[in-house]
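Welcome, and thanks for taking a look at this model with us. Below is a short tour, from the confidence of the prediction to a pair of backbone details.

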Amino acid sequence: MASQDALRKASRLFDFDHGTLSLIRIWAGSPNHIYAFARQGKAYILRASKGTTGWADRTRAEMDFLDYLARHGARVSLPLASGNGALVEE
């Protein structure tokens, strides 16, 4: 599970109440932990990853691809930018 410090930092960066976080899934052998949270009455998903070499660049590429798909008419979940305007925060 992601550390509480990391989750509190994420709640500040993505502007949501830390108390709304709930763990959805941890995959065995995966660095990803998946959480649900609420922001302004809407449900969102947070993927917290334990950093391995290149993880941030790969995740940015995934977010860019989702954005591309959405702009070209695909029905996909849109990435949520942080208060810094970033789709991925380290």
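## Confidence

Among the elements of the protein chain, helix 1 (residues 4–13) has the highest confidence, at a mean of 92, while strand 1 (residues 22–26) has the lowest, at 86.

Over the protein chain as a whole, the mean pLDDT is 87. A pLDDT of 70 or more is reached by 96% of the residues.

## Fold and dimensions

How does the radius of gyration fit with that of a compact globule? For 90 residues, such a globule would come near 12 Å, and the protein chain has 13 Å, which agrees. Taken along the principal axes, the box filled by the C-alpha atoms is roughly 35 × 35 × 25 Å.

## Burial and contacts

Of the 90 residues in the protein chain, 26% count as buried. Counting contacts with a separation of 6 or more, 35% are between residues 24 or more positions apart.

## Surface and charge

The protein chain has an accessible surface of about 6200 Å². Carbon and sulfur atoms contribute 52% of that surface.

On the charged side, there are 12 positive and 9 negative side chains in the protein chain. The centres of these two sets lie 5 Å apart.

Is Asp-15 buried or exposed? Its relative accessible area is 53%, so Asp-15 is exposed, the cut-off for that class being over 50%.

Gln-40 is another residue other than glycine with a positive phi, here near 50°. The loop that holds Gln-40 runs between strand 2 (32–39) and strand 3 (42–49). With a relative accessible area of 71%, Gln-40 is therefore exposed.

Definitions and conventions. Residues are numbered from 1 along each chain as its sequence is written. This is a predicted model: local features need pLDDT of at least 70, side-chain atom pairs count only at pLDDT 80 or more; totals for chains, interfaces and linings use all residues. Side-chain values use heavy atoms; hydrogens and water are left out. The radius of gyration is taken over C-alpha atoms; the globule rule is 2.2 Å times the number of residues to the power 0.38. Buried means under 20% relative accessible area, exposed over 50%, partly exposed in between (1.4 Å probe, protein chains only). Contact means heavy atoms within 4.5 Å. Accessible areas come from the Shrake-Rupley method with a 1.4 Å probe; for residues, only the protein chains shown count as cover. Lys and Arg count as positive and Asp and Glu as negative; His and the chain ends are not counted. The place of a charge is taken as NZ of Lys, CZ of Arg, CG of Asp or CD of Glu. pLDDT is the predictor's confidence in each residue, from 0 to 100. Helices (H or I, at least four residues) and strands (E, at least two) are DSSP runs, numbered from the N terminus.
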